[in-house]
Amino acid sequence: MTDVAATPPPRARWRVAFAALLVFAFCGFVVLGVWQLQRMAWKHDLIARVDARIHAAAVPAPSRVQWPAITEADHGYRRIRVTGHFLQDRLVRTQAVTELGGGFWLLQPLQADNGDYVLVNRGFVPAGATASRAPQGRVVVEGLLRISEPEGGFLRRNVPEQDRWYSRDVVAIARRQGLPAARVAPFFVDADAEPGFRGWPRGGMTVVKFRDPHLSYALTWFGMALLTLVAVGVLVASERRLRDDRRRHSSRGTHVLPPG
């Protein structure tokens, strides 16, 4: 007669499900890490392209037939040139904070020689400072092509009917200024600084800076993947110890009775 000590029923299904979850998590973390590396490569390529655009010679502003194809990735921060005359009575001020402190961007429509309109950001004006008038007559403006900033700024929406602007929303500003929508470029121009000019507005203050946290994100995801491998190792080691303990316990609890 043998006396085998009672042991708790194995939780095989639970262990298999947990192991499957860890494997799924490991694969997911690796995929996310690889995706962040791909994003990092894309971001570095974008930064290189933008840097090349900023330092390139100015080219004529995109024509009306090109407007539908303009995108941030392909055209943002391209150095362009537009010729025409400013509309003197159409000033727009949008809230801004720069290295010079708080104030506003001074935007003004420019009617190009072909009759189309381009919104020009003439530059920054500190709070309380007086901005000079735009030049009269035909002018040539060079600067960086910027994509429209719809809706408003962080936690603040534009209020066109009150002329309260927190972003450079080309469509809304053109509508408020009474410009023909079909003839207004879907971008604005950050004008270059005027050599020798010491007054306001101050051009050439565009800050070109891209967040590039993708390497740290990738390392985080790969670190999480490594932790799941550690968890799998702990699970396997724990299961092996449990199996060995049960085997030893079973061998100690088996007694062979003598004959008779």
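## Salt bridges, a buried aspartate and a nonpolar patch

Thr228 sits in helix α4, where helices (H or I, at least four residues) and strands (E, at least two) are DSSP runs numbered from the N terminus. This is a predicted model, in which local features need pLDDT of at least 70, side-chain atom pairs count only at pLDDT 80 or more, and totals for chains, interfaces and linings use all residues. Residues are numbered from 1 along each chain as its sequence is written, and side-chain values use heavy atoms, with hydrogens and water left out.

- With 7% relative accessibility, Thr228 is buried; buried means under 20% relative accessible area, exposed over 50%, and partly exposed in between (1.4 Å probe, protein chains only).
- A polar atom of the Thr228 side chain lies 2.5 Å from the backbone oxygen of Ala225.
- Setting aside neighbours within four places in sequence, Thr228 is in contact with Leu22, Ala25, Phe26 and Phe29, contact being heavy atoms within 4.5 Å.

**The nonpolar patch**

- Val34, Leu37, Leu215, Leu219 and Phe222 make a nonpolar surface patch of about 400 Å².
- Patches are made of residues with over 30% relative accessible area and no salt bridge, with like charges joined within 9 Å and nonpolar side chains (Val, Leu, Ile, Met, Phe, Trp, Tyr) within 5 Å; accessible areas come from the Shrake-Rupley method with a 1.4 Å probe, and for residues only the protein chains shown count as cover.
- Helices α1 (12–54) and α4 (214–252) are the elements that give two or more residues to this patch, and α4 supplies the largest share, three residues.
- Phe222 belongs to helix α4 and is partly exposed at 30% relative accessibility.

**Salt bridges across the chain**

- The whole structure holds 11 salt bridges, each being a side-chain nitrogen of Lys or Arg within 4 Å of a carboxyl oxygen of Asp or Glu.
- Arg64 and Asp116 form one of them, at 2.6 Å from N to O. This pair links distant parts of the chain, 52 residues apart: Arg64 is in the loop between β1 (59–60) and α2 (72–75), and Asp116 is in the loop between β4 (101–112) and β5 (117–126).
- Arg64 is partly exposed at 37% relative accessibility, whereas Asp116 is buried at 4%.
- Arg138 and Asp113 also pair up, with their closest N and O atoms 2.8 Å apart. Because Arg138 lies in the loop between β5 and β6 (139–147) and Asp113 in the loop between β4 and β5, the pair ties together parts that are 25 residues apart in sequence.
- Arg138 itself is exposed, at 63% relative accessibility.

**A salt-bridge network**

- Asp190 meets Arg168 in a salt bridge whose closest N and O atoms are 3.5 Å apart. Asp190 is in strand β9 (residues 184–191) and Arg168 in the loop between β8 (156–157) and α3 (170–176), so this pair ties together parts 22 residues apart in sequence.
- Both partners are buried: Asp190 at 4% relative accessibility and Arg168 at 8%.

**Asp169, buried without a salt bridge**

- Asp169 lies in the loop between β8 and α3.
- Although buried, Asp169 has no salt bridge, and the nearest side chain of opposite charge, Arg175, is 6.7 Å away; Lys and Arg count as positive and Asp and Glu as negative, while His and the chain ends are not counted.
- The Asp169 side chain reaches the backbone nitrogen of Val171 at 3.3 Å, and one of its polar atoms lies 3.2 Å from the backbone nitrogen of Ala172.
- Not counting residues up to four places away in sequence, Asp169 touches Ser148, Glu149, Pro150, Glu151 and Asn158.

Methods: Polar contact = N/O pair within 3.5 Å; in protein donor to acceptor, adjacent residues only side chain to side chain.
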